[in-house]
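Let's take a friendly walk through this structure, one part at a time. Please have the model open as you read.

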Amino acid sequence: MTVKVKICGVRTPAILETAVAAGADFVGLVFFATSPRNLGLQEAASLVEAARGRVATVAVMVDPDDALIDQVAQTVSPDLLQLHGHETPERVAAIKARTRLPVIKAIPVAVAADIAAADAYAGIADEILFDAKAAPDAALPGGNGVPFDWRMLAAARPPFGLSGGLNPGNIAEAVRLTGAHLVDVSSGVESAAGVKDEELILRFIQGARGATQQQAKAS
Ligand SMILES: O=C(O)c1ccccc1N[C@@H]1O[C@H](COP(=O)(O)O)[C@@H](O)[C@H]1O
């Protein structure tokens, strides 16, 4: 199994090129006003145009209303959507029907019981992404660079994605321990909030690929 890698919070053409050259499968474009990775619609549309056919683009949104969904779908035209808020299964289904785009649904995890929340999205979300639940006083619902205890994912139904505090130093262990088929990183490949680092992106993707090979040998 080859682990898919998503580099989230891409904001510049140069970092898009780094992610493509390093072999990323997905790049994430964030639409969340208070995030240091937030993008305007036109900036994002330019990045999607440059990415088309080379790496899949994911629009990351948090409890978006229909107006934002329509603006992103029509102006930016990403390949997928990532819903990172409190979207119910019904809302996810409605957004999919409205946009005809595949949806990644983030499930926040703090305690083992949180894993079961994913079940309600079976057959609705195209991908489940287990992410660390943000602290109540956190400014962002995601993208905080904080991991959760991956051992809780023993109760998760594969396939699933993993995010939250991943970085070049822990990605190999994360893949080996969880068996995630998709890994998603933002803070862990940044030199400062919202500033992606080319070297960290390269090392992260190499670490994910290396872990895949070891896992394949062991099975
Ligand atoms: O990255 C952001 O700014 C962001 C804002 C709002 C919702 C989600 C966001 N990012 C997602 O958060 C996780 C974990 O990120 P990190 O690696 O711990 O920094 C990841 O799925 C991002 O797509």
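Helix α3 (residues 66-76) and helix α4 (residues 89-99) pack at an angle of about 40°, with their axes 11 Å apart. The two are therefore oblique to each other, the class left over when angles under 35 degrees count as roughly parallel, over 145 as roughly antiparallel and 65 to 115 as roughly perpendicular. Axes here are lines fitted to C-alpha atoms, for helices over the stretch in contact, and angles run from 0 to 180 degrees between N-to-C directions. Helices (H or I, at least four residues) and strands (E, at least two) are DSSP runs, numbered from the N terminus.

Where do α3 and α4 meet? Asp66, Ile69 and Ala73 in α3 face Ile95, Arg98 and Thr99 in α4, contact being C-beta atoms, placed from the backbone, within 7 Å. By class, this contact has 3 nonpolar, 1 polar and 2 charged residues.

This is a predicted model, in which local features need pLDDT of at least 70 and side-chain atom pairs count only at pLDDT 80 or more, while totals for chains, interfaces and linings use all residues. Residues are numbered from 1 along each chain as its sequence is written.

Now to the ligand: 27 residues surround it, and the closest are Ser35, Gly142, Gly143, Ser163 and Ser187. A residue belongs here if its C-beta atom, placed from the backbone, lies within 6 Å. Strands β2 (26-31), β6 (127-132) and β8 (182-185) each give two or more residues to this shell. By class, the shell has 10 nonpolar, 14 polar and 3 charged residues.

Terms used
Two residues are in contact if their C-beta atoms, placed from the backbone, lie within 7 Å. Ala, Val, Leu, Ile, Met, Phe, Trp, Tyr, Cys and Pro count as nonpolar, Asp, Glu, Lys and Arg as charged, and the others, Gly among them, as polar.
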